[in-house]
Amino acid sequence: MLRAACIVIWLASPSIGQGFYTLKGHGGPIMDIAVSPLGEISTASFDNAVGFWRTDGPVWLEGHRAAVNTVCFLNNKIIASGADDFTLWVWSLESASGRMVAAHTAKIADVAIAPDGQTLATASWDNKIGLTHIEGLDGSVESWLVDDMILLSGHRAGVNAIAFTQDGQTLYSASMDGTIRSWNLNDPKAPSTVIVKHGFGVNRLIVNDADGWLAYGAADGGTRMVDLNTGETIADFTLGRRPVLSMAYDPVTKMLAIGDGQGYIMFIDTTVRRITTDFKASLTGPIWALSYSPDGEYIHAGGIEDIVYSWPVAVMDEHIPMVGGIQSFLEDPISLPNGERQFKRKCSICHSLTKSSARKAGPSLYGLFGRKAGTVIDYTYSDTLSGSSIVWSEESVNALFDLGPDHFIPGTKMPMQRIVKKHDRDDLIDYLRTNTVQEEN
Ligand code: HEC
């Protein structure tokens with residue numbers, strides 16, 4: 001048996017398409033993956049950045065102030081992204097720059113591009129769907145003409161996913177309120193129609209109007225194909241055991257891929273409506289992101305690791321599953337001393353202890369004690385922190401988590417969190433004292 005046990009990193013161009021490979025460089029979990037018509041890959045990460053994976057290396061698109069949840073290509077040269085900072089950005093790959101074009105009042109969970117190539121739809125946890133039309137995308141970033149966002153209301157809870165029909169006349173949306181709705185875009189003010197009442201929050205949605213169905217995945221594990229016109233269930237693939245977190249469809253092979261909270265990727269042949277493979281793709285974590293290559297031969301997946309895994313679909317089970325190196329924030333917490341456990345569980349997802357900030361969402365804590373706030377050179381701080389007069393000491397780090405960052409340094413972009421128990425703070429500070437001064441090995 002021929003088993004290609006090699007791990008080819010991104011240098012081996014994804015377009016060459018020989019066996020399994022990974023994309024490494026993000027500093028946090030992978031929340032979404034999009035593929036351009038040419039097959040190039042873009043990623044949304046918890047590290048606040050959008051990655052664009054050129055064959056000669058990744059390009060980082062930076063502007064979001066919080067975890068990026070969703071990316072989509074408008075064409076081969078333009079990407080849109082939505083984030084926990086409530087904003088929608090559009091990026092030009094030619095100039096590797098972008099700009100914020102619209103904002104919701106809660107996080108953006110999904111973004112989709114209409115067939116016209118210039119209307120973006122956003123699904124937000126403010127219960128609304130946004131439509132943002134942009135003209136002049138051929139020109140420079142500064143010259144784009146962005147209309148005010150049109151808001152569609154009707155869902156009673158956060159909207160998780162959206163999809164356009166091929167003619168661009170109808171938009172479908174899936175929500176935590178347990179419904180899937182359809183919106184007539186010729187008359188955006190008209191009320192929406194409830195197509196599916198699932199009961200539990202619906203996380204993911206694929207619309208295939210050419211074949212007359214939509215597929216959805218829900219928080220209770222519900223996984224169904226329904227008739228697009230009647231909403232009737234035409235196939236039920238629910239295994240019940242796990243929330244559906246990601247979905248991808250390949251129009252060439254007509255295969256549907258579904259990623260879930262227990263690390264499985266399940267494949268469904270939509271022509272015969274049957275599960276073909278159920279692959280344990282991640283040993284420890286969820287599958288948050290899934291996307292097919294344009295020829296349907298590769299499936300790209302991401303989750304709690306900062307790595308994208310790309311498997312050739314035909315032979316995936318011959319290759320290693322995710323979790324090449326277990327991330328420190330996943331290590332078994334019981335076995336660690338309390339201070340280290342506090343750090344790994346509460347800080348390490350955003351902070352390194354090495355000299356480099358390592359593309360994480362926060363600055364490196366290397367050499368923390370005695371350091372003036374806001375002074376790590378490879379990190380872009382908020383204005384609040386870069387202009388701060390705080391010097392980090394046991395007392396100020398203690399106050400930071402006793403009061404919480406939002407009270408201790410109002411205006412910081414470090415998320416709200418407190419460590420309530422004094423002994424947990426003491427143990428954490430002890431751990432930081434010894435581990436922020438060590439030489440890298
Ligand atoms: C979800 C991400 C996140 C987590 C988790 C997090 N931080 Fe932060 N932290 C940040 C960000 C972002 C900043 C920069 C804030 C700014 O620029 O306003 C920051 C800044 C800091 C600073 C100031 C550093 C400097 O150079 O001035 C300290 C100290 C700090 N964090 C410690 C911690 C500790 C200790 C923990 C765990 C208890 C923790 N953080 C957890 C994101 C995080």
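**Notebook: burial, domains and ligand shell**

I began with burial: of the 441 residues in the protein, 45% are buried. I note that the model is predicted.

Next I looked up the overall dimensions. Along the principal axes, the C-alpha atoms fill a box of roughly 65 × 60 × 45 Å. I then asked how the radius of gyration agrees with that of a compact globule. The protein has 22 Å, and a compact globule of 441 residues would have a value near 22 Å, so the two agree.

For secondary structure, I recorded five helices and 29 strands. I also checked contacts between residues at least 6 apart in sequence, and found that 43% of these join residues at least 24 apart.

I turned to the domain division. Domain 1 covers 14–318, and domain 2 covers 328–435. Their centres, taken over C-alpha atoms, are separated by 33 Å. To the contact between them, domain 1 gives 12 residues and domain 2 gives seven. I sorted the side of domain 1 that touches domain 2 by class and recorded six polar, four nonpolar and two charged residues.

My last entry concerns the ligand. Which residues are the closest to the ligand? I listed C347, C350, G362, Y381 and S382 as the closest of the 23 residues that surround it. By class, the shell around the ligand holds 15 nonpolar, six polar and two charged residues. I looked up the helices as well: α2 (383–386) and α3 (394–403) each supply at least two residues of this shell.

Notes
Residues numbered from 1 in each chain as written. Predicted model: local features only at pLDDT ≥ 70, side-chain atom pairs only at ≥ 80, totals over all residues. Helix = DSSP H or I, 4+ residues; strand = E, 2+ residues; numbered from the N terminus. Rg over C-alpha atoms; globule rule 2.2 N^0.38 Å. Buried ≥ 20, exposed ≤ 12 C-beta atoms within 10 Å, placed from the backbone. Contact = placed C-beta atoms within 7 Å. Domains from an automatic or database assignment. Nonpolar A, V, L, I, M, F, W, Y, C, P; charged D, E, K, R; others polar. Near = placed C-beta within 6 Å.
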